[in-house]
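Dear colleague,

I am passing this structure on to you, together with some notes on what turned up when I went through it. Please read them with the structure open beside you.

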There are 4 protein chains.
Amino acid sequence: MDRRGVPSGAPERMDNAMNKIRVGIINVTGYAGVELARILWQHPDVELVSVTGRSAAGKKLGEVFPHLACTGLTITAELEGRVDIVFSAMAHKASAEGIVPLLNKGIRVVDMSADFRLREAAWYPQWYDFDHPAPELLKKAVYGLPELHRDRIKKTELVANPGCYPTSAILGLAPLVKLGLVEPDVIVDSKSGTSGAGRTLTLPTHFAEASDNVRPYGLGGHRHLPEMSQELEALDPQKTVSVTFVPHVVPMTRGIVSTCYAKAKASKLTGGKEELDKIYYDFYRDEPFTRVMQQCPETKHTLGSNLCLLYPVIHQKTGRVVVVSCIDNLVKGAAGQAVQNMNIMFGFPETAGLEALPIYP
Amino acid sequence: MDRRGVPSGAPERMDNAMNKIRVGIINVTGYAGVELARILWQHPDVELVSVTGRSAAGKKLGEVFPHLACTGLTITAELEGRVDIVFSAMAHKASAEGIVPLLNKGIRVVDMSADFRLREAAWYPQWYDFDHPAPELLKKAVYGLPELHRDRIKKTELVANPGCYPTSAILGLAPLVKLGLVEPDVIVDSKSGTSGAGRTLTLPTHFAEASDNVRPYGLGGHRHLPEMSQELEALDPQKTVSVTFVPHVVPMTRGIVSTCYAKAKASKLTGGKEELDKIYYDFYRDEPFTRVMQQCPETKHTLGSNLCLLYPVIHQKTGRVVVVSCIDNLVKGAAGQAVQNMNIMFGFPETAGLEALPIYP
Amino acid sequence: MDRRGVPSGAPERMDNAMNKIRVGIINVTGYAGVELARILWQHPDVELVSVTGRSAAGKKLGEVFPHLACTGLTITAELEGRVDIVFSAMAHKASAEGIVPLLNKGIRVVDMSADFRLREAAWYPQWYDFDHPAPELLKKAVYGLPELHRDRIKKTELVANPGCYPTSAILGLAPLVKLGLVEPDVIVDSKSGTSGAGRTLTLPTHFAEASDNVRPYGLGGHRHLPEMSQELEALDPQKTVSVTFVPHVVPMTRGIVSTCYAKAKASKLTGGKEELDKIYYDFYRDEPFTRVMQQCPETKHTLGSNLCLLYPVIHQKTGRVVVVSCIDNLVKGAAGQAVQNMNIMFGFPETAGLEALPIYP
Amino acid sequence: MDRRGVPSGAPERMDNAMNKIRVGIINVTGYAGVELARILWQHPDVELVSVTGRSAAGKKLGEVFPHLACTGLTITAELEGRVDIVFSAMAHKASAEGIVPLLNKGIRVVDMSADFRLREAAWYPQWYDFDHPAPELLKKAVYGLPELHRDRIKKTELVANPGCYPTSAILGLAPLVKLGLVEPDVIVDSKSGTSGAGRTLTLPTHFAEASDNVRPYGLGGHRHLPEMSQELEALDPQKTVSVTFVPHVVPMTRGIVSTCYAKAKASKLTGGKEELDKIYYDFYRDEPFTRVMQQCPETKHTLGSNLCLLYPVIHQKTGRVVVVSCIDNLVKGAAGQAVQNMNIMFGFPETAGLEALPIYP
């Protein structure tokens with residue numbers, strides 16, 4: 001233990017080090033990257049051996065992020081040493097380019113970017129303004145939402161870690177869509193903390209602009225929309241789901257609530273709230289992190305945890321189905337889900353490193 | 001000018017006092033009441049002569065609310081002196097009971113409570129848990145949304161000042177509904193600052209609970225729902241509008257954004273965004289406070305002002321109509337709109353006392 | 001009145017336009033500049049005729065700042081038309097350079113930068129890293145704190161508008177220092193909202209970094225320190241005041257509270273709180289904006305107003321004098337005080353355009 | 001694992017249950033109590049067996065605090081089953097009364113209240129308005145600041161867990177005072193999140209009042225003052241330290257920064273910052289949670305962790321020593337420190353259950 005560091009439990013870790021996998025993070029300096037470092041450092045089956053960053057290369061990780069001083073790691077320009085798996089937190093396009101050589105070396109990858117989330121290469125120019133540099137990998141990559149694709153995640157070398165908004169929306173709507181209970185025309189109204197926009201400085205995330213403010217955006221079409229549509233359509237028996245998605249930024253650091261609206265098909269869900277609850281409980285029965293709640297959740301109930309809290313109801317006056325879905329956007333919406341995917345890929349307990357209870361208040 | 005007070009411009013006011021109307025506020029100690037005091041004190045055609053409150057009776061207004069120290073007013077248990085108009089910020093039911101004797105004396109009233117907003121007495125037991133004490137007044141009262149009912153407001157003795165959520169939602173949807181452009185099944189997803197819940201202490205508005213949090217609520221049916229339905233149905237050519245309304249509390253003090261979703265009727269709105277804009281501009285052409293925006297507004301753009309900022313769009317992928325509507329819930333959503341109603345009732349310039357530009361940032 | 005603008009009361013203004021002075025703002029796009037625009041637009045004796053900005057030149061003011069859409073102004077690269085007074089919100093050094101030609105044309109100037117606040121040219125290289133381009137003007141410039149220098153402000157062509165921290169600290173300590181009541185070794189511990197750091201993007205003012213955080217800074221010496229020292233020393237009979245100043249950024253948009261600590265000289269202030277209050281009341285007796293409070297003020301009590309709220313006490317256990325001083329950093333700490341200075345320079349009522357009560361809550 | 005619960009790792013725990021101590025929490029429903037439950041639930045050497053609460057008795061813990069649903073615990077009116085140690089989170093006076101019978105049964109106690117923090121029974125009527133019900137225990141109780149009293153904590157049955165402000169201030173000033181380096185007249189200016197005021201509803205902690213606000217308070221003498229004085233005086237070679245303490249509430253949920261001001265004695269600390277750093281590093285060399293920083297810390301660097309981050313400097317212009325001290329008020333300032341004390345009392349690794357890295361951002 002170092003006097004300047006959080007007690008690291010280093011001795012115990014050393015004993016197990018030979019059984020641990022070796023992990024690297026590319027571009028540790030964004031919020032997803034630094035959250036990965038926090039979680040992986042505390043993971044019992046992992047040794048975090050290398051973290052990279054461009055502008056901060058050469059600095060100690062603890063110099064840039066004082067809460068990680070105990071790791072003793074130095075940020076390097078390139079990955080160093082042998083690694084079994086890499087988390088890529090690079091920007092779109094750069095990530096796809098950077099991942100190919102890793103896969104060629106037999107290193108498994110969890111990609112935090114959108115570069116392998118969409119199945120059709122043609123969607124990348126349309127939504128992300130670039131031609132996909134490795135379209136052949138799109139078929140191999142697995143969309144890393146364990147609740148839907150656990151079996152495929154077990155066997156893949158490349159996980160496309162889902163976006164934060166899609167995670168909340170898809171988990172919220174999956175039971176309804178998969179069972180063909182609602183009209184294929186849903187609305188997702190999401191409210192997110194500002195950390196979802198990352199650590200890059202922008203005027204809308206300047207404190208004086210974002211505080212005391214709610215800002216709807218992406219009304220012309222947000223990049224997370226095709227991801228939601230793709231996954232929900234794949235679930236739908238008729239493959240026809242249409243999604244209207246409007247995100248909003250609210251003055252908090254972490255958290256997303258997606259309020260999802262759907263219309264029951266004729267003669268469906270006649271059993272009301274009771275039937276709805278049973279459907280959700282059954283659908284997520286064995287899930288370690290996705291919980292159906294008996295009272296309406298709030299984003300605060302997820303802070304720092306990998307939970308997704310769901311609350312389905314039938315609106316009293318209109319009969320419309322409303323599903324509230326809450327996550328911590330940096331955990332279940334990013335780094336936590338990435339670690340959950342890694343756990344599945346390597347056969348670790350799925351909850352390893354992710355047991356932390358939410359921080360409250 | 002008093003050394004302890006904001007310069008009051010008192011001398012000038014005295015000169016005009018004979019031309020001014022005399023105003024009272026019942027229950028000045030809530031957020032709507034105190035905001036009324038702030039606005040009315042600065043209103044050129046008004047003399048604020050009496051403010052009441054129960055627990056604070058006997059105290060100086062400036063003792064409870066230091067920013068109003070300059071008024072020199074004392075909170076009393078009952079209205080004192082002659083008044084031409086009273087703003088009632090009493091709780092539901094108490095307000096209806098307290099207003100009747102005022103009307104009988106010929107005093108005009110703007111009621112901040114919901115007691116005269118609903119047209120049907122039968123709805124009060126259902127939504128507000130009380131039998132209406134003055135059902136005969138429900139027909140006389142005018143729902144105080146100037147954009148829809150200006151002519152009737154001019155002639156009434158009793159204005160039912162609209163709720164904050166309904167103000168934002170109705171102004172957002174009125175053009176679509178009145179012109180019969182959308183299916184009569186709309187969704188209103190609202191995000192509000194905590195001041196809408198008032199100054200009464202509750203756990204959900206305790207700072208440590210409300211900060212870093214978004215809290216959906218009212219999923220079982222919020223009291224502002226019948227108000228929205230009533231007004232939108234009245235506008236609709238077929239009188240059949242159904243409203244799904246879900247409010248959320250976000251960690252800011254003031255502001256509401258309502259994101260409204262509707263589906264264009266077949267063969268309607270084929271002109272796209274351009275047609276939509278024209279419809280909104282025309283509908284609100286002469287309105288002093290309701291503005292159609294060319295870029296998406298944020299709640300911060302309304303802080304402290306009586307503005308309602310609207311932004312209608314057609315969602316790229318789904319063709320659904322989305323309308324963003326922003327207000328300051330304590331101004332256009334409460335006290336400011338009440339003063340606007342008073343201005344109309346007394347023939348003052350409609351913007352008198354309400355000219356303040358929004359505070360930014 | 002334009003349907004897209006806040007009602008401007010334009011007709012009445014036009015009638016008086018010939019009696020109004022013509023005002024320009026250089027660099028309107030920072031928080032001080034845009035707050036000047038808001039206040040000056042509503043000022044009865046002023047016509048805001050020209051606003052400049054570099055990167056935004058050519059845009060409508062309302063395009064960049066929607067709350068100012070009603071002004072109809074366009075941001076230009078250079079001042080346009082005749083102006084009687086200019087508010088310079090340029091950066092340090094650039095402001096001094098830009099102001100000289102204005103003064104040479106006989107245009108009066110209120111400078112929002114620090115370029116004319118310090119009396120000694122030698123301090124600029126030391127604290128601001130540049131050689132002063134117009135040292136001869138330092139003697140002509142008047143430090144624009146009306147409570148201390150009103151008579152000189154009346155006669156000057158060039159006002160150096162005080163910094164936000166110094167305004168709060170100097171007003172808090174002036175009575176004690178001027179009357180020689182305390183040891184000449186004071187501590188100023190200030191807490192500021194983030195808007196004081198301006199609209200320029202920085203990591204510490206990124207929302208996710210600044211929220212849920214208190215950040216002490218400037219421990220190596222903040223640029224507002226020499227300004228405080230200079231003004232307090234000038235007041236001190238012995239000219240020997242030493243100031244320890246530590247600023248902190250707290251997660252709010254506007255507001256500063258400076259908590260000032262001083263030690264009574266032997267045999268001074270033996271009359272306790274009562275004597276202390278009397279000293280402060282007498283010192284600020286005729287001030288329109290600086291108020292001595294009977295209960296401890298909070299920054300919220302000043303929001304949007306030009307008030308400075310003071311609360312002097314004697315600490316129960318130690319006898320140390322503590323003075324709490326609250327302002328809105330963008331009003332009394334910047335734009336409001338600048339307008340107050342203009343009012344004094346032109347013989348307008350000192351409170352003209354500054355009568356707005358604080359916004360609460 | 002329950003589908004509604006966070007994965008609990010229950011199987012592994014059961015295996016070890018026989019080696020674990022059994023723990024109870026009295027009054028789990030305040031913020032200190034619920035934070036104790038969160039930490040203790042995840043503690044490897046502890047079985048949390050009983051939690052009490054008055055108004056919530058009979059409810060599931062997860063019903064009141066959804067983030068603790070996984071514990072499966074029910075809140076009871078009285079402690080149930082055998083316990084080895086109890087954490088009392090009762091209010092002042094009630095705690096002292098409730099603890100006596102526990103001690104008589106041989107149960108060890110960590111008291112979160114102030115009831116055993118002060119050494120002199122006479123101070124309780126003066127500062128807490130009650131006559132101490134068990135003055136004989138004041139000598140037995142140990143003030144639970146491990147950095148100062150670790151050896152005594154090891155042997156005691158009763159730990160008085162320190163207040164949040166005193167924890168930050170005493171750790172900040174202890175090296176200076178103990179080594180006799182500064183004049184015995186120090187100033188502590190503290191800024192705290194609102195959770196320090198607890199879960200009880202009050203107007204100043206109502207969101208709309210606390211947001212966008214800094215509120216100085218306790219200027220007439222805060223209850224944490226005698227605690228600071230007692231501990232600093234005990235350290236001081238001359239036993240004469242006088243403390244001026246002014247707390248402020250800032251709009252964040254968790255975190256305290258205490259900015260401490262002291263004056264070096266003549267001929268002391270002539271070695272400047274370098275000497276100062278060495279003194280602090282040496283003083284806290286072996287401490288697992290108290291870290292001396294190389295750059296100024298912020299409260300955000302401690303969120304959710306048991307760290308105390310210190311930064312001593314010498315003010316450039318005045319030579320005054322300034323020490324910044326940051327903690328999470330609910331962890332090192334309450335529940336975390338209480339668990340640290342328990343670890344010491346039972347011979348567990350001092351960091352057991354407290355290894356979590358801070359949450360950022």
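At what angle do the axes of helix α8 (residues 164–178) of chain D and helix α10 (residues 225–235) of chain D cross? Before the answer, please keep in mind that this is a predicted model. The two axes come within 9 Å and cross at roughly 20 degrees, which makes α8(D) roughly parallel to α10(D), and the crossing is right-handed. On the side of α8(D), the contact is made by P166(D), A169(D), I170(D), L173(D), A174(D), V177(D) and K178(D), while α10(D) brings E227(D), M228(D), E231(D), L232(D) and L235(D). Sorted by class, these residues of the contact are nine nonpolar and three charged, with no polar ones.

A second pair of helices is found in chain A, where helix α2 (residues 31–41) and helix α12 (residues 331–346) pack at an angle of about 45 degrees with their axes 8 Å apart. α2(A) and α12(A) are therefore oblique to each other, and α2(A) passes α12(A) in a right-handed crossing. The residues that meet are A32(A), E35(A), L36(A), I39(A) and L40(A) from α2(A), and A334(A), A335(A), G336(A), A338(A) and V339(A) from α12(A). Of the residues in this contact of α2(A) with α12(A), eight are nonpolar, one is polar and one is charged.

Turning to the sheet in chain C, you will find an open sheet of seven strands with mixed pairing, in the order β9-β10-β8-β11-β14-β13-β12. Its edges are β9 (215–216) and β12 (290–292) of chain C, each of which has a single partner strand, so that one side of each is left without a neighbour in the sheet. The partner strand β13 (residues 308–314) of chain C runs parallel to β12(C) and is joined to it by three bridges, and T290(C) stands opposite C308(C) in β13(C). Helix α7 (residues 164–178) of chain C packs on this sheet, where it touches β8 (185–192), β10 (242–249), β11 (256–262), β12, β13 and β14 (321–327) of chain C, and its direction makes about 35 degrees with that of β11(C).

As for the way the chains meet, 40 residues of chain A are in contact with 40 residues of chain B. Among the elements of chain A that give two or more residues to this side are β8 (185–192), α9 (207–210) and β14 (321–327), but β10(A) gives the most, with four residues. By class, this side of chain A has 18 nonpolar, 13 polar and nine charged residues.

Chain A can be laid on chain B by a turn of 180 degrees and a shift of 0.0 Å along the axis, with an RMSD of 0.0 Å, and the two copies are thus related as by a two-fold rotation axis. Within chain A, the C-alpha nearest that axis belongs to P251(A), at 3.1 Å from it. The same surface serves both copies, since 100% of the contact residues of chain A recur in chain B.

Chain A also meets chain D, with 40 residues of chain D in contact with 40 residues of chain A. On the side of chain D, the elements that give two or more residues are α2 (31–41) and β12 (290–292), and α2(D) gives the most, with four residues. That side of chain D has 22 nonpolar, nine polar and nine charged residues.

With best wishes

Definitions and conventions
Residues are numbered from 1 along each chain as its sequence is written. Chains are lettered from A and ligands numbered from 1 in the order in which they are written. This is a predicted model: local features need pLDDT of at least 70, side-chain atom pairs count only at pLDDT 80 or more; totals for chains, interfaces and linings use all residues. Axes are lines fitted to C-alpha atoms, for helices over the stretch in contact, and angles run from 0 to 180 degrees between N-to-C directions. Angles under 35 degrees count as roughly parallel, over 145 as roughly antiparallel, 65 to 115 as roughly perpendicular and the rest as oblique. A crossing is left-handed if the near helix is turned anticlockwise from the far one by less than a right angle, and right-handed if clockwise. Two residues are in contact if their C-beta atoms, placed from the backbone, lie within 7 Å. Ala, Val, Leu, Ile, Met, Phe, Trp, Tyr, Cys and Pro count as nonpolar, Asp, Glu, Lys and Arg as charged, and the others, Gly among them, as polar. Two strands pair if DSSP finds at least two bridges between them. Copies are superposed by least squares on the C-alpha atoms of residues with pLDDT of at least 70 in both.
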